[in-house]
Amino acid sequence: MDRIHTGSPLLLVAVALWLGACSTKREDGHGTPASTSPPPVAEKPAPVAEPQTDDESDHHVVFADRTSQTYLLLVPGDPGPAPSREALAELVRTALSGSEDEPEVKLLLELVASEPARPANDAGLDPSERESIRHRDLLGLHLQMLPLEVPGEEPLISSQVLTDPISTRTLSPSQRDSLADRRHVLLLRAHYRNRFGVRGLRLLQTLIRIVARERGALVHDPDTGETMTVEAFTERRLQSTVGNVADQLVVIPFPDRRHGEGSVRLTTRGMRRFGSVDLELDGLPRDPAVLEAATHLINGLAYAMVRMGEYDREGYAVEADDVLELDRAAVLKAYAGRDGRVPKCEGCPGLAQFHLVERPTEPQDPVDHVVARIVAPRPVSDAAGYDHPGWVRGALSDLLGVR
């Protein structure tokens, strides 16, 4: 096994012990679900010398002006064709009976009724259509019933992912056994912008909950590789306050080629749904306490990125700040303020600064999606003799009091 998904620091500790034994900056949200089975990672990776890059553009991280999220519903038996938009709308009305006049229910019905909008820069649009699309946050829904496997083609979900005990950790033994009989998936993909608390993602997750429950389906997230029950999916759905960002992601450990044998790097999966790059922190030791703290740092920075990347009201994508400042309060918000997840910081500043730099694409990365390394602000990280592992330990100490 070359990687293990982990959405929990406790799982991450176990993974740490196991280890001891985009090409473009903007996305249009289109494409097939990302593969969740990366090629093997070298067991003894060679170190890569600093500096990380000579390309100035790699230091400018731009948020997507539109993005999308796909869920695959593993349905039992022979489900027949995909439901019509009218049937989905009726299902929503039934499930949310009594709330039809609520603004977000109306918006969900609007999303269900809408074919995916063309990109605002499409040459075939007239100026008024282009302007309208630029200012909308809900950009349509794609739905399709597909066989899980087609002879001669890669399966939509690999058998390795469907049998991984971590990726399927919310399933009961009988639900795991049922995967062998679930040979069709209902694909639901919403296109939207990061506005109003990532409203498009929240509406899609409501629709997924309703449809999965009615169909007796299990929910697969292609970006994180997780397959979960409706109950687990509902519990982790994005809150309107854009709190619980950590529930939307997994943090995956890999061997660290850059800093040599014995080092670990942690990489997120799932930031695409927010129109953001995925994040990677390398130069970490195999110390479980440090890896747990690094997971908190990454989730806190992910929360800050989601808030920072909100689509500009004038209709333009935004760029990440050159220096990102993160405090312990933001880390707590990434977990929706749940107590006990983040260590108390006695006597430390509770604050650290970071810079993001796009790294070259690697085979295990999400398809057509940028991964950015978390490094020190440029006056430090661009300097000769920059000690990245030493800086990481200092940042963890300043932010969370972990040495």
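This is a predicted model: local features need pLDDT of at least 70, side-chain atom pairs count only at pLDDT 80 or more; totals for chains, interfaces and linings use all residues.

Reader: In what order do the 6 strands of the open sheet stand?

Author: Strands of a sheet pair through backbone hydrogen bonds, either parallel or antiparallel. Strands (E, at least two residues) and helices (H or I, at least four) are DSSP runs numbered from the N terminus, and two strands pair if DSSP finds at least two bridges between them. Here the order is β6-β7-β8-β11-β10-β9, with mixed pairing. Because β6 and β9 (324–327) stand at the edges, each with a single partner strand, one side of each has no neighbour in the sheet.

Reader: Which strands show the two senses of pairing?

Author: Strand β8 (residues 278–284) runs parallel to β11 (residues 371–375), joined by 3 bridges, and leucine 279 stands opposite alanine 372 in β11. By contrast, β9 and β10 pair in the antiparallel sense over 4 bridges; leucine 326 has alanine 352 in β10 as its bridge partner.

Reader: Which residues form the covered face of β9, and which the uncovered one?

Author: In a regular strand the side chains alternate between the two faces of the sheet. In β9, Leu324 and Leu326 form the covered face, while Glu325 and Asp327 form the uncovered one.

Reader: Which helix lies across β6, β7, β8, β9, β10 and β11?

Author: Helix α9 (residues 288–308) does so, at about 150 degrees to β8. Such angles run from 0 to 180 degrees between N-to-C directions, with axes fitted to C-alpha atoms, for helices over the stretch in contact; contact means heavy atoms within 4.5 Å.

Reader: How many residues has the largest nonpolar core?

Author: A nonpolar core is a set of buried Ala, Val, Leu, Ile, Met, Phe, Trp, Tyr and Cys residues joined through side-chain atoms within 4.5 Å. The largest has 91 residues, and Leu73, Leu284 and Ile374 have the most contacts inside it. Its largest share, 12 residues, comes from α9.

Reader: Is arginine 258 buried or exposed?

Author: Buried means under 20% relative accessible area, exposed over 50%, and partly exposed in between (1.4 Å probe, protein chains only). Arginine 258 counts as buried because its relative accessibility is 14%. Arginine 258 lies in the loop between β6 (250–255) and β7 (264–269).

Definitions and conventions: Residues are numbered from 1 along each chain as its sequence is written. Side-chain values use heavy atoms; hydrogens and water are left out.
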